[in-house]
Amino acid sequence: MSRSLTDFISDIRGAATIEDEKFIIATEQAQIRAYLRKMDPDMRPRIVSKLVFLDMIGQNPAWGQMEAITLMAQERYSYKRIGYISTAVLLDQTAELTVLVTQTLLQDLQSFDPNVQCLALSFIANHGNSEVCRSVATTVQKLLDGRESCVVKAAGMATAQIVKTNPDLCESYKNSVQSLLNNPNHGVVISGINLVIQMIKIEPKLAKSWSQFAIPFTKILKSLTQTRPTREFSYGVYNDPYMQIKAMQALSLLRKRSDELDGILQSIISSTEARRNTGRAILYQAVETIVAISRKSSLRGLAFNQVGRLLSLKDPNVLYSALSSFARVLYAERAIINRGSVDSMALQRYKSQIVKCLDHQDPSIRRRALDVISALIDEKNVETLIPEILAYVRLADAEFRSELVAKIYVATQRFAPSSEWNFDTVHQILIDSGNYVSSEIVSSFCELIAGTPSIQPHAVQKLSESLLNFNDNQTLTQVAAFVVGEFSSDDSGISDTLRQILLMPQTKAETKNYIITALAKMAARFGTQAQIAPVLVEAMKDNNLEVQQRAGEMVKLLMMQGTSEFLAPVQSGTDEHEHDSTSIMISSSNRQSTEVAAENEAGDDLLSMMLDAKAPTPSKPEPTPSQPKDSLLGDLLDDFSPSPQQQQQRPSQQLLSLSEPSQQQPPQQQQQQRVQQPVQQQVPQAVELLRKDDYIIYGQTMLNPNDKRQYALRLVVSGTGASPLSEFKMAFTPSVGWQIKAQPPDRSVLGPKGSPPITQVLYLLNMNNAPFQIQTKVSFKFGTQPINETGVISVLPPPQ
């Protein structure tokens with residue numbers, strides 16, 4: 001073990017072959033393991049340094065983590081520094097051994113050496129997990145009042161990590177923000193601004209109570225931009241750009257508008273040199289701040305123009321950062337903003353330049369351009385923008401091409417001006433990129449044609465021609481076989497073409513199954529069983545078992561009487577949807593009382609899970625013969641989940657009914673009304689909580705009379721679009737001081753506008769009279785494209 005770290009690195013770099021390099025690494029690891037048993041303490045830093053280098057080149061030296069933790073506890077500063085660095089590299093926040101460093105951190109935080117204190121604080125700020133941060137929170141708070149600027153700065157950054165991992169401790173550090181911001185040292189002020197930003201992200205309502213900070217932040221930004229930089233804080237020609245960016249980030253969260261701030265931001269975007277990396281970073285943050293705060297259209301237009309000019313440059317770093325800036329404007333928490341907004345309309349002028357970026361050789365730029373252009377497509381430009389994008393699809397590589405095709409298809413389905421244009425566009429996609437189209441898109445496109453009778457003759461004609469010209473395109477052949485087999489009105493040689501494709505050696509098994517089904521249906525419809533039967537019998541000898549089975553099934557069906565009933569074309573999607581919705585309404589009314597009873601039986605268990613030991617539960621009265629056992633929820637959700645006795649007395653008050661309680665009707669008449677009018681556009685006695693492009697969430701609240709802290713919130717989600725949203729799921733995160741338990745929703749598919757809504761009940765508990773806020777995360781599939789959207793419900797409807 002006499003070889004130093006430098007020699008070890010030189011030997012690896014000088015290896016002639018990969019095998020020699022692997023041999024050197026394996027030999028060194030074996031020597032380190034053997035030496036650990038009788039190691040000299042003075043040699044531990046060298047060994048641990050080698051382990052860090054092994055981790056950097058892709059090895060897994062996790063077996064040496066204890067050596068790094070041991071070195072971290074040494075008294076000698078040079079050893080301790082290597083120990084902290086190696087522990088940060090070899091361990092992550094999820095490692096169980098991270099808990100072992102807590103005692104060392106507490107000792108170093110109480111050291112009289114500021115350098116040792118900074119080591120511990122830096123480790124907490126970068127790698128502290130929830131348990132470690134909670135253990136050292138009190139000690140770190142004391143260091144915020146220290147005299148050493150470097151210690152206070154590191155303590156401020158550590159506090160930001162503590163608040164991030166333990167949001168419930170946010171209240172304890174509010175008083176420390178003022179002292180950090182009043183410190184004359186720039187580094188301490190930046191740590192204070194970081195703490196403000198982190199606290200506002202955790203508790204957004206602080207932005208209103210801390211609005212007075214907007215004035216000093218504005219003054220800081222003005223001073224930095226209008227004064228010459230000092231030697232200590234100069235960065236090229238800029239005066240402390242780090243503090244400028246942090247101040248603008250804080251101002252964008254505080255959302256305090258002022259003419260003075262607008263003037264400063266206008267000066268920044270007008271005078272910043274975009275050719276420098278530092279200038280571009282300041283420019284991008286200024287644009288985000290203008291979008292968040294300013295309402296002046298001229299200022300927003302100037303900001304977008306400054307970023308749009310960068311799209312003409314050839315530097316990949318500049319292109320990527322400019323596209324990223326546009327993406328942050330168009331996406332609010334991973335959800336596309338309203339396409340009719342001012343910002344979205346202002347960025348439409350750059351769509352041609354963004355489309356050209358789809359052909360860039362850098363894959364990261366192509367993906368970023370795809371994100372931006374997907375957010376710019378709307379009803380007005382879909383007919384011109386989609387063909388421009390399709391021109392670049394043919395030049396894209398395989399990996400990016402599949403992603404591009406999927407997003408084009410989603411945009412086409414969402415904004416197509418007509419069904420015929422929709423078909424022609426997807427048909428062209430199948431011709432150009434058929435091998436990159438997923439099976440989900442094929443199924444969705446077939447469903448679209450089956451559900452739109454007006455385009456079926458046009459689809460049969462176009463796809464019949466495609467069978468002759470593009471018979472080697474497997475995906476296009478599958479769609480054509482389905483459409484021709486279902487909706488063709490005459491043979492006209494189509495069956496001969498399908499038979500030739502079936503016999504081609506490059507035809508896949510899945511495509512053969514489509515063709516066999518199409519031939520059987522056409523034979524039954526046109527009376528050509530005698531010509532088609534030998535082809536199917538020959539297909540029964542295929543090497544693929546699925547093809548053999550499909551051919552055998554079709555032969556048996558053709559030999560049966562009444563074959564047309566089995567091989568009839570599929571019904572129109574519209575009629576089928578109406579029939580299904582009527583059946584669902586009738587069956588749901590029969591099952592409704594059973595579901596309500598099951599929900600009431602789970603009520604007591606639900607509330608017992610919601611209540612914490614620190615918040616004692618009020619004593620529950622003994623049930624009487626006329627009162628069900630789950631009387632607590634019976635009182636809490638009286639109108640939402642009535643007991644069976646109440647259902648008999650008031651049959652019109654069902655769990656999912658949206659009618660007025662005063663409208664009393666017999667069960668037969670009420671069921672008939674549901675069938676005729678399954679959907680109501682408005683939710684009576686409900687409050688609109690959240691509105692998105694594709695849906696609206698309404699809410700109704702009931703208060704538990706026995707415990708004023710308990711609420712039941714019923715959410716009713718109504719669709720506003722023209723297409724159904726499948727796999728619709730909602731997740732909820734309450735603010736600090738609230739507990740929540742969500743019942744499963746009544747359905748997972750949100751129909752289009754005019755369809756039955758989705759209903760879900762939330763049980764809420766206010767632990768310590770905290771302000772109400774729920775962060776929502778909604779996920780669904782629009783066609784085949786998964787979409788995630790986030791929002792905030794900050795209003796609790798008044799209890800009824």
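Modeller: Going by the grid rule, the count is 1 cavity of 30 Å³ or more. A cavity here is a set of points, on a 1 Å grid over the protein atoms alone, where a 1.4 Å probe fits but cannot get out. Before going on: this is a predicted model, so local features need pLDDT of at least 70 and side-chain atom pairs count only at pLDDT 80 or more, while totals for chains, interfaces and linings use all residues. Residues are numbered from 1 along each chain as its sequence is written, and side-chain values use heavy atoms, with hydrogens and water left out.

The largest cavity holds about 40 Å³ of space, where volume is the space filled by probe spheres set on the points, joined across faces, edges and corners. Its lining (residues with an atom within 4 Å of a point) consists of Asp694, Gly719, Thr720, Gly721, Ser723, Leu725, Gly751, Pro752 and Phe782. By class that's 3 nonpolar, 5 polar and 1 charged; Ala, Val, Leu, Ile, Met, Phe, Trp, Tyr, Cys and Pro count as nonpolar, Asp, Glu, Lys and Arg as charged, and the others, Gly among them, as polar.

Now the helices, which are DSSP runs of H or I, at least four residues, numbered from the N terminus. H15 (residues 259-271) packs on H16 (residues 277-293) at about 150 degrees, with axes 9 Å apart. Axes are lines fitted to C-alpha atoms over the stretch in contact, and angles run from 0 to 180 degrees between N-to-C directions. H15 and H16 are therefore roughly antiparallel, a label for angles over 145 degrees, with under 35 being roughly parallel. Their crossing is left-handed, meaning the near helix is turned anticlockwise from the far one by less than a right angle; clockwise makes it right-handed. Leu261, Leu265, Ile268 and Ile269 of H15 make the contact (heavy atoms within 4.5 Å) with H16 residues including Ile282, Leu283, Ala286 and Thr289.

Back at H1 (residues 5-13), the partner is H3 (residues 44-56), at about 30 degrees and 10 Å between axes, with a right-handed crossing. Leu5, Phe8, Ile9, Ile12 and Arg13 of H1 meet Ser49, Lys50, Phe53 and Leu54 of H3, and these divide into 6 nonpolar, 1 polar and 2 charged.

Finally, H9 (residues 149-165) and H11 (residues 186-202) pack at about 10 degrees, axes 8 Å apart, so they run roughly parallel.

How values were computed. Helix = DSSP H or I, 4+ residues; strand = E, 2+ residues; numbered from the N terminus. Parallel < 35°, antiparallel > 145°, perpendicular 65-115°, else oblique. 1 Å grid on protein atoms, 1.4 Å probe; cavity = no way out; pocket = protein on both sides within 12 Å on 5 of 7 lines; lining within 4 Å.
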